[in-house]
6 protein chains.
Amino acid sequence: MPVIHVYMWAGRTQEVKEKIVKGITDVFVNLGVPAEAVIVILHDVEKSNWGSAGKLASKTS
Amino acid sequence: MPVIHVYMWAGRTQEVKEKIVKGITDVFVNLGVPAEAVIVILHDVEKSNWGSAGKLASKTS
Amino acid sequence: MPVIHVYMWAGRTQEVKEKIVKGITDVFVNLGVPAEAVIVILHDVEKSNWGSAGKLASKTS
Amino acid sequence: MPVIHVYMWAGRTQEVKEKIVKGITDVFVNLGVPAEAVIVILHDVEKSNWGSAGKLASKTS
Amino acid sequence: MPVIHVYMWAGRTQEVKEKIVKGITDVFVNLGVPAEAVIVILHDVEKSNWGSAGKLASKTS
Amino acid sequence: MPVIHVYMWAGRTQEVKEKIVKGITDVFVNLGVPAEAVIVILHDVEKSNWGSAGKLASKTS
């Protein structure tokens with residue numbers, strides 16, 4: 001506890017992913033949750049699979 | 001608001017994905033939600049990762 | 001196939017929910033998917049559980 | 001972009017939820033993502049719906 | 001590892017939920033995964049939030 | 001009903017995936033749910049996308 005699912009555009013480096021996992025975990029650690037209890041699952045989503053305002057991000061971003 | 005996650009078999013074309021994103025967004029636009037507020041995330045699932053009736057779809061479909 | 005999860009603010013009526021389920025299902029039916037194969041799961045999210053731009057929607061909406 | 005789903009035990013106060021939303025959003029802001037692009041959806045899960053090591057947390061925590 | 005999310009109609013007893021958590025955990029234990037590594041999150045979904053074949057289950061089940 | 005999402009490390013064989021789908025389905029069949037009503041979606045997550053205790057599993061496992 002807790003489990004966090006992050007859905008974001010694909011393409012981030014391992015270094016950035018480490019910062020995301022560390023940063024989100026620290027949010028809970030600062031609230032008294034043990035780091036060992038925090039699971040963060042990253043989901044790389046291609047822009048061709050991400051729709052916003054009725055359009056695929058691959059067409060607009 | 002809202003966020004929609006679609007889990008479907010992999011293999012659809014970009015043109016079809018655009019129709020899915022546009023179509024789902026329009027459902028909410030027709031209810032008065034601004035298109036800009038609708039996020040649709042498509043998840044391509046391989047048939048070898050989709051189980052139905054206790055069997056993988058890659059074996060039955 | 002497919003399975004759709006909709007996360008939206010709580011408070012919509014049954015009539016509106018029926019329109020959402022029917023509308024999303026029709027998007028896939030129009031692409032040749034049998035209606036019986038479409039599952040739509042609605043998730044009512046309280047504004048006090050919805051964060052945007054770093055703030056809870058219960059404070060800003 | 002991005003969308004973050006947090007699944008955690010029910011019972012946290014609004015003040016704590018604000019810290020979670022603000023903290024997770026800041027992780028992405030620090031990576032150059034505009035705060036307005038970050039959506040955090042909190043899911044309160046009762047301990048009677050949370051299983052760990054084969055047991056419900058309501059029986060063990 | 002792994003994390004399992006179960007979406008099912010609301011109304012099951014604690015005894016049944018315990019069987020679900022134990023049963024799913026055992027599937028992975030039988031594959032060599034330690035029980036402590038298995039998290040099962042149950043989501044009770046009202047029939048009025050469950051759409052199938054374009055209709056709410058509250059109208060058809 | 002029900003829909004089950006399994007998030008686990010990538011790399012399992014088809015044979016193992018079949019056991020997971022069959023095993024989880026049987027848990028519900030044993031509770032009286034028809035096998036045809038059970039959908040299991042497997043999500044292969046790379047260790048480089050799985051965070052635990054603030055670190056990526058690709059660095060620790």
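I looked up chain A and chain C: they do not touch (contact means heavy atoms within 4.5 Å), and their nearest C-alpha atoms are 13 Å apart. For chain B and chain E I found no contact either, with the closest C-alpha atoms 13 Å apart.

A note on what I'm using: this is a predicted model, where local features need pLDDT of at least 70, side-chain atom pairs count only at pLDDT 80 or more, and totals for chains, interfaces and linings use all residues. Residues are numbered from 1 along each chain as its sequence is written, chains are lettered from A in the order in which they are written, and side-chain values use heavy atoms, leaving out hydrogens and water.

Next, the symmetry. I superposed chain B on chain D by a rotation of 180° with 0.0 Å of shift along the axis, RMSD 0.0 Å (least squares on the C-alpha atoms of residues with pLDDT of at least 70 in both). The two copies are thus related as by a two-fold rotation axis. Both use the same surface: 100% of the contact residues of chain B recur in chain D.

Then the sheet. I read off an open, mixed sheet of eight strands, β4(C)-β3(C)-β2(D)-β1(D)-β1(A)-β2(A)-β3(F)-β4(F). Strands are DSSP runs of E, at least two residues, numbered from the N terminus, and two of them pair if DSSP finds at least two bridges between them. β4 (55-56) of chain C and β4 (55-56) of chain F are the edge strands, each pairing on one side only.

How values were computed
Helices (H or I, at least four residues) and strands (E, at least two) are DSSP runs, numbered from the N terminus.
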